[in-house]
Amino acid sequence: MDFEFTEEQRLLQRTARDISAGYDLDYWREKDDESEFPHEVWDDLTDAGFVGMKIPTEYGGSGYGMIELVAASLEIARHGGGVSGANLLTSPVIGSTAIIEYGTDAQKERFLPMIAAGTFFAIGLTEPDAGLDTAGIKMTADRDGDEYVLNGTKIWTTGAHVADYIVTLARTGTGDAEKRHQGISLFIVPTDQDGLEVNKIDKLSMRCLSSFEVVYDDVRVPEENLIGDEGKGFFHVLGTLNTERINWGAIPIGAGELALDIAVDYAAEREAFERKIGQNQGVQFPLATSKAELETATLMLYKAAWLYDEGADCAMEANAAKLVGARAGFDAVDRAVQTLGGMGFADEYHVERLYRDVRLARVAPVSDELVKAYIAEHELDLPRSY
Amino acid sequence: MKVLVTVKEVAAVEDEFEIDGTAIDEAYLEYDLNEWDDYAIEEGVQISESEDDVEVVSVTIGPERSEETIRMALAKGADRAVRVWDDSLEDAEMLDVEAKTNLLAAVVEEEEPDLVLSGVQADDDGFGATGVSLADEVGFEWAAVVNDLELDVEGGVASVRRELEGGVEELTDVDLPAVLTIQTGINEPRYASLRGIRQAQRKEIKPMTLDDLGLSADVAESDLEIVDMYEPETESDATLFEGSPDETAGQLAEVLRDGGVGQ
Ligand SMILES: Cc1cc2nc3c(=O)[nH]c(=O)nc-3n(C[C@H](O)[C@H](O)[C@H](O)COP(=O)(O)OP(=O)(O)OC[C@H]3O[C@@H](n4cnc5c(N)ncnc54)[C@H](O)[C@@H]3O)c2cc1C
């Protein structure tokens, strides 16, 4: 077993670190305060090839795999970007994976270079009445000549305001209760179409990456924007979600490492009762526990990424990596807040933001409970509960 | 035209570290590309992008570990690299300016560049002399602390702006071949791209030993000896003025006058 990164991977990590470290924590604090998209970082990540990380080189991408994506996300998060910084890589990887795996050659030629060049593709799966239960979506797409007409409402579509396209899941079939996973199709919807209305959702986490309710009112989409087979969209999406889960394992781990770095610096400086607080084992041990947990979660993460890159089944590992990553990251940030005491609540010390942000990983893109339900069913052969 | 860029992997210390005799314990050191050299690479790459037929060769003196740093220079656009190292250098406590000058001079003889770019100084030992000393050794023209460069390749002239003490700047024309020591801020160094990193895997890093360079082991001998290493005490001296604005302004004026600032 070889845990060494290649020199090429180390250079890639170094570049991700350099880019992230080019933006200090106050940059992210300001973006968060203003709900402003971090365009500067996005542009740097695009120019360096991180946005097109997993897109094949013949389509303008960098042609790397999930191991490298995870390595990059961990560096971006840890060196300042936190949850929001590393999450910039999520929607490009889901969008491009769907197109790479299920798109036609013409779609690949059209969309993949765009993604690699930094065109934002938002992801519109969740609806007011269907989140984890994706097959419960109600949005309809009715064929009209060589177009589809979409009607319904998506929520939590992150980045809809900066997106040129929304990867949208809608019902094209009957939605028969017996076959609720069928009759769903995947579309790439241009945001400049008539009939789209976006309403911002004020939220706890990732405020610089705003999320929206998006209302589709007779939105026309040309048939060449249907990805994969009509009626198989649900399964196409399932095929891409492991990439999302794996990145969402990396995001909280990197953010946890960042919080830990801040906490350690603080513990080494801050004095109470005439000694550095970091001299107390009561302060050290939680931080040391977190370090061990973050490192352990990182191992699971690389295993999932490695399986993915090998083309092997990685569903259980991707879910497990997401579960333990979210937990380790959340606990690390929580312990960082505790270490900073009152200052942990002041936004200028940054763990406050990380605390709000990292909480998200336990709910989205898939919740702790659903991961456990999946593992219980598929690994432990217990009855399906979802 | 050939541009040779000298790069160095420098050691940086963490906030907390321990000194072991006359060196910092290896456990506390992290290695990175010297900041000034990053600007020198960028300048070299920009020249190759704006002029025809320019080859950018990067050279470093360092053990195998430093290969990663020089590979980064290749990822940022240098065409190929030379890494000078030898078992006999391994044992040297320190490579002083003279040793580096002789090693690099041998590389210059081998490569015959038209322009050598080095950083003004290295972040770790901070001699700030290697570039100029190299120019002297190989008989090239030179300019130090360059913060702007215009190249007339056909005329064989580099028009440079140099940063002098006290914010004064000097404009000079330097005939090629020349050594320029590059100041930070001359350009905005690019990040490597993933494409560049991939291409760099296929670029050559040529290892060169003392033998290859026609040098003997005594090149590393130094008249310099490190006798001590310590952290200087930090001192601060603060004067607090108390009273009304008028009174404190008067007190401040007095201090400034005593210090020789105002008359
Ligand atoms: C900040 C933010 C950004 C987002 N960005 C996007 C985006 O860009 N695109 C997009 O499509 N979506 C996005 N989402 C949506 C996100 O993926 C969903 O919120 C998430 O999947 C949870 O779905 P839900 O809110 O409908 O929860 P529900 O499915 O209603 O679940 C609510 C709770 O019940 C639990 N639960 C449900 N069923 C079971 C069961 N069978 N067993 C045990 N527990 C169960 C869940 O675990 C959860 O705790 C975002 C969400 C947030 C908060």
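**Entry 1: the ligand**

I began with the shell around the ligand, and I found that domain 2 (121–231) and domain 3 (235–378) of chain A each give at least three residues to it. I note at once that this is a predicted model, so I am reading computed positions throughout. Which residues come nearest to the ligand? Of the 24 residues around it, I wrote down Leu125(A), Gly131(A), Trp156(A), Thr158(A) and Ser367(A). I then looked up the elements that supply two or more residues of this shell, and they are β1 (121–124), β3 (147–158) and α11 (368–378) of chain A. Sorting the shell by class, I had 12 nonpolar, nine polar and three charged residues.

**Entry 2: the domains of chain A**

Next I looked up how chain A is divided, and the assignment gives domain 1 (7–116), domain 2 (121–231) and domain 3 (235–378).

**Entry 3: where chain A touches chain B**

I turned to the two chains together, and here 16 residues of chain A are in contact with 11 residues of chain B. On the chain A side, α1 (7–21) and α3 (39–48) each supply at least two residues, and the largest share, nine residues, comes from α1(A). How do the residues of this side divide by class? I wrote down six nonpolar, three polar and seven charged residues for the side of chain A that touches chain B.

**Entry 4: chain B as a whole**

For chain B I first recorded the secondary structure, which comes to seven helices and 13 strands. The C-alpha trace of chain B spans about 70 × 50 × 40 Å along its principal axes, and of its 263 residues 38% are buried. I also looked at contacts in chain B between residues at least 6 apart in sequence, and 69% of these join residues at least 24 apart.

**Entry 5: the sheet of chain B and its helices**

I followed an open sheet of nine strands in chain B, whose order is β11-β10-β9-β12-β8-β1-β6-β7-β13 and whose pairing is mixed. Which strands stand at the edges? They are β11 (169–175) and β13 (205–208) of chain B, each of which pairs on one side only. From one strand to the next, the twist averages 35°.

Looking within the sheet, I saw that β1 (residues 2–6) and β8 (residues 115–119) of chain B run parallel and are joined by three bridges. As one of the details here, I noted that Val5(B) has Leu117(B) in β8(B) as its bridge partner.

Finally, I checked two helices against the strands. Helix α1 (residues 35–50) of chain B lies across β1, β6 (55–61), β8, β9 (141–152) and β12 (178–182) of chain B, and it runs at about 150° to β8(B). Helix α4 (residues 97–111) of chain B packs on the sheet, where it touches β1, β6, β7 (80–84) and β8 of chain B, and its direction makes about 150° with that of β6(B).

Terms used:
Residues are numbered from 1 along each chain as its sequence is written. Chains are lettered from A and ligands numbered from 1 in the order in which they are written. This is a predicted model: local features need pLDDT of at least 70, side-chain atom pairs count only at pLDDT 80 or more; totals for chains, interfaces and linings use all residues. Helices (H or I, at least four residues) and strands (E, at least two) are DSSP runs, numbered from the N terminus. A residue is buried if 20 or more other C-beta atoms lie within 10 Å of its own, exposed if 12 or fewer, and partly exposed in between; C-beta atoms are placed from the backbone. Two residues are in contact if their C-beta atoms, placed from the backbone, lie within 7 Å. Domain bounds come from an automatic or database domain assignment. Ala, Val, Leu, Ile, Met, Phe, Trp, Tyr, Cys and Pro count as nonpolar, Asp, Glu, Lys and Arg as charged, and the others, Gly among them, as polar. Two strands pair if DSSP finds at least two bridges between them. Axes are lines fitted to C-alpha atoms, for helices over the stretch in contact, and angles run from 0 to 180 degrees between N-to-C directions. A residue is near a molecule or strand if its C-beta atom, placed from the backbone, lies within 6 Å of it.
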